[in-house]
Amino acid sequence: MNRQTIKDLEYQVKRLNVRMGARIEKYLPYRKNGRLISNVGHFYINQSYGGYSLEKIVNDGGGCSDITIRTTKTQLYYIVKGMVDILDEKIPSLKTILVA
């Protein structure tokens, strides 16, 4: 088993965002009243307390929902990869959208 880097994990989350139809960027490219605007539906990696978890933005203020529990980087990599693989099986036409 190879060691999974944060880049590997970020790539899997990017694939998940594409498959789910969410924007790749966490924030919109402009501000509203001087504040950043979050992309609702965007998945991202939360790093805290020595662990990693997958979260999803649920409102434009940046509120988020936990998708996974806090775990190791390698375990989260395989969880997200499994999610993407299932989406690939269910929606085969999306396989070619994101090429390495």
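These questions and answers walk through a predicted model of one chain.

Reader: Where in the chain is confidence highest, and where is it lowest?
Author: The model is predicted, and the chain averages a pLDDT of 87. A score of at least 70 is reached by 90% of the residues. Confidence is lowest in strand β1, residues 27-32, at a mean of 81. It is highest, at 96, in residues 51-57, strand β4.

Reader: In what order do the elements of the chain run?
Author: The chain has two helices and five strands. Helix α1 covers 6-20, and helix α2 covers residues 73-90. Read from the N terminus on, the order is α-β-β-β-β-β-α.

Reader: What radius of gyration does the chain have, and why does it agree with a compact globule?
Author: The C-alpha trace spans about 45 × 35 × 20 Å along its principal axes. A compact globule with 100 residues would have a radius of gyration near 13 Å. The chain agrees with that, because its value is 14 Å.

Reader: How much of the accessible surface belongs to carbon and sulfur atoms?
Author: Of the 100 residues, 36% count as buried. The accessible surface of the chain comes to about 6600 Å². The part that belongs to carbon and sulfur atoms is 51%.

Reader: How far apart are the centres of the positive and negative side chains?
Author: The chain has 16 positive side chains. Its negative side chains number 9. The centres of the two sets are separated by 3 Å.

Reader: Is E55 buried or exposed?
Author: E55 sits in strand β4. It touches H42, F43, Y44, N46, C64, S65, D66 and I67, leaving out residues up to four places away in sequence. Buried means under 20% relative accessible area. E55 has 7%, so it counts as buried.

Reader: How far is E55 from R70 in space?
Author: The two residues are 15 apart in sequence. From C-alpha to C-alpha, the distance between E55 and R70 is 10 Å.

Reader: Which residues does M83 contact beyond its neighbours within four places in sequence?
Author: M83 is part of helix α2. With a relative accessible area of 26%, it is partly exposed. R15 is 68 residues away in sequence, yet the C-alpha atoms of M83 and R15 lie 9.8 Å apart. The contacts of M83 are L16, L54 and I67.

Reader: Which residues does K26 touch, not counting those up to four places away in sequence?
Author: K26 lies in the loop between α1 and β1. Its relative accessibility is 30%, so it counts as partly exposed. T5 is 21 residues off in sequence and 20 Å off in space, C-alpha to C-alpha. The residues K26 touches are I37, S38, N39, H42, Y44 and I57.

Reader: What distance separates the C-alpha atoms of G21 and G41?
Author: G21 is found in the loop between α1 and β1. It is exposed, with a relative accessible area of 67%. G41 is 20 residues from G21 along the chain. Their C-alpha atoms are separated by 8.3 Å.

Reader: What is phi of N33 near?
Author: N33 belongs to the loop between β1 and β2, the latter at 35-38. It is exposed, with a relative accessible area of 76%. Phi is positive here, in a residue other than glycine. For N33 it is near 55°.

Reader: What is phi of Y49 near?
Author: Y49 lies in the loop between β3, 43-48, and β4. Exposed means over 50% relative accessible area. Y49 reaches 77%, so it counts as exposed. Its phi is positive, in a residue other than glycine, and near 50°.

Methods:
Residues numbered from 1 in each chain as written. Predicted model: local features only at pLDDT ≥ 70, side-chain atom pairs only at ≥ 80, totals over all residues. Heavy atoms only, no water. pLDDT = per-residue confidence, 0-100. Helix = DSSP H or I, 4+ residues; strand = E, 2+ residues; numbered from the N terminus. Rg over C-alpha atoms; globule rule 2.2 N^0.38 Å. Buried < 20%, exposed > 50% of the residue type's maximum accessible area, 1.4 Å probe, protein only. Areas by Shrake-Rupley, 256 points an atom, 1.4 Å probe, with all protein chains shown as cover. Lys, Arg positive; Asp, Glu negative; His and termini not counted. Charge placed at Lys NZ, Arg CZ, Asp CG, Glu CD. Contact = heavy atoms within 4.5 Å.
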